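Please read the points below with the sequence and the model open beside you. They are set out as a colleague's notes, one topic to a paragraph.

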Amino acid sequence: MLASFKKLVPEPIKSAYHYFQALLGALIFLFPAGKLKVIGVTGTDGKTTTVHLVYHILNSAQEKVSMVSTVEAKIAQTAIDTGFHVTTPDPIKVQGLLKKMANSGSEYAVVEVTSHGLAQGRVAFVKFFAGIITNITHEHLDYHGSYENYLEAKAKLLNGVNLRVLNADDKYFEKLKGRGGGQLISYGIKNSADYVAKSIKLGKIGSEFEVHFEEKKQKRSSRVRTRLVGEFNVYNILAAFALTSNLGIATEQIISAISTFESVVGRMQSVDLGQDFDVIVDFAHTPIALENALRTLRSFTKGKLIAVFGSAGERDVGKRSMMGKVATQLADVSIFTAEDPRKENVNKIIEKIAQGALNEGGIPERTFWKIADRTEAITTAIGSLASGGDVVAIFGKGHERSLNIGGKEYPWSDEQVVRNALKKKLEKKSSYSTHQNYGK
């Protein structure tokens, strides 16, 4: 009932309400952002990993730092659950978290910020010291209406900051670099930038590359080794490297911290129970994120690449067919399933994904299947389709611990469903092997 009522409220009224909440929270907690150097990270993809990287580097360098991301909040080094489906919490909670961070003695607060949070004023009265924009691709156009509006929302992060960190390879870089104030720091792989990755070697269990940059007016290059996989993570690392370097962290400390950084839960997370194929759980839920993940996985897949994913209900409908197209281009087999359908008919969502696959030459029951039940979809991919040398990738939920069906949140874990399916398959294989040996 409440969710239905919220939809009837015009956006300007919602924004005014959030702005008032932000003011109230700032007054209650005595404007805590003023006691911190708040680093905001936004973008369509890569926000969470970048936040965790920045936090890890600063923490490893013995700086006093806290953070809040989609996955969790950390007050100093104490983890706090931020709830279901939350990236930018409500304004009063934001101010409360910042107050706890300031009280903990933190100098820095690294905060993941969404376009909704910026557009609606949920982070009003938060003075950002630095802003990172990872990229701007197809997402949330149902809310923002156009790329221009989406860009404008993201660009708000840059207002009044001391440091602006931008992706020089992003197609909106030229539009963004003139926004906001403060020092502009760029990073990239393809285009000229302040921090450029070269000689990149991507592998199944990690990556390495050289970062070329200027320090004290001297050109430098440093070799970076990381446990993270994929070119998209090279971008995330460059963003964190560029920012922390300009916060005064020594290059050697940055490189050392990057080498010890573990992948964020639900981001290219491997689940291994001893099976002879790989299973990956990843949060990719936009066309470009899905494409990047599949390209990375394709590079080390010996057998079939099997993708399981859906598209969220009551959200950007334009991306659905695009994701079906991407999966058909890059995966050998896809299963389209539920991903928070909310009050939309899940089968209708799946049909739109399937239409993108059909347009790209996909063949029903051969290159793609439609299985609305997410548990059944994952179990089918692992139990029936996967064999030695294959890679099964489960996309869209990642770390999330609930699945929204009919507007209600139900407990959920992709990782746990994967583990259950793997155990069942391995037990069946073991039983069959024992039976064969007994027969001899």
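1. Ile28 belongs to helix 2, which covers residues 11-28; helices (H or I, at least four residues) and strands (E, at least two) are here DSSP runs, numbered from the N terminus. Together with Phe20 and Leu24, Ile28 makes a nonpolar surface patch of about 290 Å². Patches are built from residues with over 30% relative accessible area and no salt bridge, like charges being joined within 9 Å and nonpolar side chains (Val, Leu, Ile, Met, Phe, Trp, Tyr) within 5 Å, and the accessible areas come from the Shrake-Rupley method with a 1.4 Å probe, where for residues only the protein chains shown count as cover.

2. A word on the basis of these notes: this is a predicted model, in which local features need pLDDT of at least 70 and side-chain atom pairs count only at pLDDT 80 or more, while totals for chains, interfaces and linings use all residues. Residues are numbered from 1 along each chain as its sequence is written, and side-chain values use heavy atoms, with hydrogens and water left out.

3. In helix 10 (residues 251-260), the buried residues are Thr251, Ile254, Ile255, Ala257 and Ile258. Seen down the axis of helix 10, these buried residues fall within an arc of 165°, so they line one face of the helix; the arc is that of the directions from the helix axis to the C-beta atoms. Buried means under 20% relative accessible area, exposed means over 50%, and partly exposed lies in between (1.4 Å probe, protein chains only). The buried residues of helix 10 pack against helix 3 (47-60), strand 10 (207-215), strand 11 (218-226) and helix 9 (231-246).

4. Thr244, in helix 9, counts as buried at 0% relative accessibility. Leaving aside neighbours within four places in sequence, Thr244 is in contact (heavy atoms within 4.5 Å) with Val54, Ile57, Leu58, Ile249 and Ile254. Ile249 lies in the loop between helix 9 and helix 10 and is also buried, with a relative accessible area of 5%. Not counting residues up to four places away in sequence, Ile249 touches Ile57, Leu58, Ala61, Glu63, Thr244 and Ile254. Of these, Ala61 is 188 residues from Ile249 in sequence, yet the two are 7.1 Å apart in space, C-alpha to C-alpha.

5. Which strands pair with strand 10 in the antiparallel sense? Strand 9 (residues 195-202) does so over five bridges, and strand 11 does so over nine bridges; two strands count as paired if DSSP finds at least two bridges between them. Val196 has His212 of strand 10 as its bridge partner, and Glu214 stands opposite Lys219 in strand 11. A hairpin joins strand 9 to strand 10 through four residues, whereas the hairpin of strand 10 and strand 11 has two residues between the strands, with Lys216 taking a positive phi near 55°.

6. A salt bridge is a side-chain nitrogen of Lys or Arg within 4 Å of a carboxyl oxygen of Asp or Glu, and by this rule the count comes to 20 salt bridges. One of them joins Lys204 to Asp278, with the closest N and O atoms 2.9 Å apart. Lys204 lies in the loop between strand 9 and strand 10 and Asp278 in strand 13 (residues 278-282), so the pair ties together parts that are 74 residues apart in sequence. Lys204 is partly exposed, with a relative accessible area of 44%.

7. The side chains of Asp390 and Lys304 meet in a salt bridge at 2.6 Å, N to O. This pair links distant parts of the chain, 86 residues apart: Asp390 is in the loop between helix 14 (374-385) and strand 17 (391-395), and Lys304 in the loop between helix 11 (287-298) and strand 14 (305-309). Asp390 is buried, with a relative accessible area of 2%, whereas Lys304 counts as partly exposed at 27% relative accessibility. Elsewhere, salt bridges that share partners join Glu208, Glu210, Arg223 and Arg225 into one network.

8. Six strands form an open sheet of mixed pairing, in the order 12-13-17-14-15-16. Strand 12 (269-270) and strand 16 (368-370) stand at the edges, each with a single partner strand, so one side of each is left without a neighbour in the sheet. Within this sheet, strand 14 and strand 15 (residues 333-336) pair in the parallel sense over four bridges, and Phe309 has Phe336 of strand 15 as its bridge partner.
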